[in-house]
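User: I would like to learn how to read the main features of a protein model. Could you take me through one, step by step?

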Amino acid sequence: MNKKLLFPCLALVLGSGAGYATSVMAQAKPDVLVKQRQAVMTLQGKYFGPLGAMASGKAAYNVETVRRNAGFLDNLSRMPWDGFDPNTKGEKSRALPAVFENKAKFDAGASTLENEVSKLVSVSRSGDEAAVKAQITAVGKVCGACHNDFRAK
């Protein structure tokens, strides 16, 4: 094959594959998106629960658990948001219509959560128990505020 054609052809093939992958993701069924975002939220609860217990004094402080769970939460805090696609509005879930009606506020809350969890990761490396507990509390407040505004009880 002519070397002058090899690179443009390769770029075309790879570009087509990326376009196909994007197209497939855009066509995810609404019920699947809801299940995925709910799964992420469940995992967030799993890894935040022990941290909340430590911050409130209901469980012994364990720096290794804090660091591990903060790392998991750092990833999880960025995952559920694309699952709140407008196509999911009619699906059975605890998401209130306000998620879609006040998207800017919802997105701001998501961004705040990501930032606060990122701060938790940073402070967890410091070994400062008081600072870690304060940041766990800050993350919990962000979660609670979003749940109050955007989640059915």
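Analyst: The protein has 6 helices and 0 strands, where helices (H or I, at least four residues) and strands (E, at least two) are DSSP runs, numbered from the N terminus. Along the sequence the pattern reads α-α-α-α-α-α. This is a predicted model, so local features need pLDDT of at least 70, side-chain atom pairs count only at pLDDT 80 or more, and totals for chains, interfaces and linings use all residues. Residues are numbered from 1 along each chain as its sequence is written, and side-chain values use heavy atoms, with hydrogens and water left out.

User: What percentage of the residues of the protein count as buried?

Analyst: Buried means under 20% relative accessible area, exposed over 50%, and partly exposed in between (1.4 Å probe, protein chains only). Of the 153 residues here, 27% count as buried.

User: Which residues have the most contacts inside the largest nonpolar core?

Analyst: In soluble globular proteins, nonpolar side chains tend to be buried together. A nonpolar core is a set of buried Ala, Val, Leu, Ile, Met, Phe, Trp, Tyr and Cys residues joined through side-chain atoms within 4.5 Å. The largest one here has 26 residues, and Leu-51, Phe-106 and Leu-120 have the most contacts inside it. At least two residues of this core come from each of α2, α3 (63-76), α4 (98-101), α5 and α6. The biggest share is from α5, with 7 residues.

User: And what does Leu-51 touch?

Analyst: Take contact to mean heavy atoms within 4.5 Å. Not counting residues up to four places away in sequence, Leu-51 touches Thr-65, Val-66, Asn-69, Ala-70, Leu-73, Leu-120 and Ile-136. For the whole protein, among contacts between residues at least 6 apart in sequence, 71% join residues at least 24 apart.

User: Is Gln-135 buried or exposed?

Analyst: Gln-135 lies in helix α6 and is buried, with a relative accessible area of 13%. Leaving out residues up to four places away in sequence, Gln-135 touches Glu-116, Lys-119, Leu-120 and Val-123. For a case at the other end of the scale, look at Ala-60, in the loop between α2 and α3: Ala-60 is exposed, with a relative accessible area of 67%.

User: How many disulfides does the structure hold?

Analyst: A disulfide is a covalent bond between the sulfur atoms of two cysteines. The test is a pair of cysteine sulfur atoms within 2.5 Å, and the structure holds 0 disulfides. Cys-143 is in none, as the nearest cysteine sulfur, that of Cys-146, is 8.1 Å away. Cys-146 is likewise in no disulfide. Cys-143 is partly exposed at 26% relative accessible area, whereas Cys-146, at 17%, counts as buried.

User: Which residues lie nearest the centre of the largest pocket?

Analyst: Rolling a probe the size of a water molecule over the atoms shows where empty space is left. On a 1 Å grid over the protein atoms alone, where a 1.4 Å probe fits, a pocket is an open set of points with protein on both sides within 12 Å along at least five of seven lines; lining residues have an atom within 4 Å of a point. The largest pocket is lined by 28 residues, and Met-41, Thr-42, Gln-44, His-147 and Arg-151 lie nearest its centre. Two or more lining residues come from each of α2 (30-55), α5 (103-124) and α6 (129-150).
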